[in-house]
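Hello,

Please find the structure below.

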Amino acid sequence: MNKIGILCSGGDSPGMNAAIRAGVRQALSLGMEVYGINRGYEGLLDGDIRKMEWRNVGDIIQRGGTILRSARSERFKTEEGQKHAKQMMDTFGMEGLIVIGGDGSLHGGLELSKLGVTVMGVPGTIDNDLKYTDYTIGFDTAVNTILDMISRLRDTSSAHDRTTIMDIMGRRCGDLALHAGLAGGADSILIPEIEPDINAVCRKVLEGQQAGKLHSIILKAEGVKIPSEELAERIQSVTGREVRVVVPGHIQRGGTPSCSDRILASRTASKAVQLLYDDEPSKAIGICRNEIIAVDLAEALEMEREVEYDLYELANTLS
Ligand code: ADP
Ligand code: F6P
């Protein structure tokens, strides 16, 4: 394979730029031509495509966001849209495509692969919701960003004897809340994979109070059904403590990528190029026990991963 494309799709994540850099430079090193596609599948449909050279990806390894920009595309979800995307691939002579994105983006890639495009999925999302890989690019940075916010909230919560509920991103996946909660010493962690026990949350607050701890931090993942304001009212009425809700929102998605995200991005995107160069069929690239893995794209998207109950239990025990 000689000509390939690269795009970012779905929610951006820190490390996407490091992946673009690795993809472009690995391809150029192998003598391939590589095209950058702006705004994900939306840009592919519009033909918003440019040839990438070595210097186009200089000075980006440390930057969050994505120089190719990202988008969600309703048009691409239709059969007609996907056929048009395939036509665009043909028009530019691109035989293979690297898709840097999350679960939805890789599902999009799978649809395109059914039309004859070889697609390599590189896991780029803060959510860590791709089950075939231990980690996704951006997750580590986002966890560290949340940790920083927990420290700041701890200062002000303890100064005012408050209980603070922090809304954590992650769509249907609780990994961000779980990892940040354990590492940040949260008093309670609510994630969608485990039925929330509001009484247990209230007991934790009251037990802390009896032990002289007058502030608490509760992390609630986005996928948990109960609204934070309702949760706050419930805790306040049961415990009598002042409760505040903090929604950090997209701050969790920005910022300079961590070392581990830059390395994961560099390794997975380089692997994706190598597989295209070797004319391998469509795959999802990931990491398992620090080894880079490449799994059949369709199989990767069907995989399941158990929630890390041990981390959840540990966080409960230690808080
Ligand atoms: P993420 O990749 O972060 O999970 P989304 O779920 O928003 O983000 O998906 C990004 C884009 O991927 C969508 O806007 C759409 O264009 C495409 N996509 C998502 N799911 C599918 C699907 N089942 N079939 C085709 N395209 C899809
Ligand atoms: O997939 C990344 C993510 O930040 C999710 O955690 C969140 O549910 C979603 O994207 C938010 O999307 P938007 O940027 O469109 O608000």
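Aspartate 59 belongs to the loop that runs between β3 (49-51) and α3 (79-91). Helices here are DSSP runs of H or I with at least four residues, strands are runs of E with at least two, and both are numbered from the N terminus. Aspartate 59 has a phi near 60°, which is a positive value in a residue other than glycine. Its relative accessible area is 58%, so aspartate 59 is exposed. (Buried means under 20% relative accessible area, exposed over 50%, and partly exposed in between, with a 1.4 Å probe and protein chains only.)

Before the rest, a word on where the values come from. This is a predicted model, in which local features need pLDDT of at least 70 and side-chain atom pairs count only at pLDDT 80 or more, while totals for chains, interfaces and linings use all residues. Residues are numbered from 1 along each chain as its sequence is written, chains are lettered from A and ligands numbered from 1 in the order in which they are written, and side-chain values use heavy atoms, with hydrogens and water left out.

Arginine 289 also has a positive phi, about 50°, although it is not a glycine. Arginine 289 lies in the loop between β10 (283-288) and β11 (291-296). With 74% relative accessibility, arginine 289 counts as exposed.

Next, ligand 1. Around it are 17 residues, and the closest are Arg72, Ser73, Gly102, Gly104 and Ser105. (A residue is near a molecule if one of its heavy atoms lies within 4 Å of it.) Which helix gives the most to the shell around ligand 1? Helix α4 (residues 103-113) does, with 6 residues. By type, this shell of ligand 1 divides into 2 nonpolar, 10 polar and 5 charged residues. (Ala, Val, Leu, Ile, Met, Phe, Trp, Tyr, Cys and Pro count as nonpolar, Asp, Glu, Lys and Arg as charged, and the others, Gly among them, as polar.)

Ligand 1 has polar contacts (pairs of N or O atoms within 3.5 Å). An oxygen atom of ligand 1 is 2.6 Å from a polar backbone atom of serine 73. In the side chain of serine 105, an N or O atom is 2.4 Å from an oxygen atom of ligand 1. For the side chain of arginine 171, the distance from an N or O atom to an oxygen atom of ligand 1 is 3.0 Å. Taken alone, ligand 1 exposes 560 Å², and the protein buries 84% of that. (Accessible areas come from the Shrake-Rupley method with a 1.4 Å probe.)

Ligand 1 sits in the largest pocket, and ligand 2 sits in the largest pocket. (On a 1 Å grid over the protein atoms alone, a pocket is an open set of points with protein on both sides within 12 Å along at least five of seven lines; a molecule sits in it if more than half of its atoms lie within 2 Å of its grid points.)

Around ligand 2 are Arg72, Asp127, Met169, Gly170, Arg171, Glu222, His250 and Arg253. These divide into 1 nonpolar, 2 polar and 5 charged. A backbone N or O atom of glycine 170 is 3.0 Å from an oxygen atom of ligand 2. Ligand 2 exposes 400 Å² when taken alone, and the protein buries 76% of that.

Regards

How values were computed. A residue is near a molecule or strand if one of its heavy atoms lies within 4 Å of it. A polar contact is a pair of N or O atoms within 3.5 Å; within protein, one must be able to donate a hydrogen and the other to accept it, and residues adjacent in sequence count only if both atoms are side-chain atoms. On a 1 Å grid over the protein atoms alone, a cavity is a set of points where a 1.4 Å probe fits but cannot get out, and a pocket is an open set with protein on both sides within 12 Å along at least five of seven lines; lining residues have an atom within 4 Å of a point.
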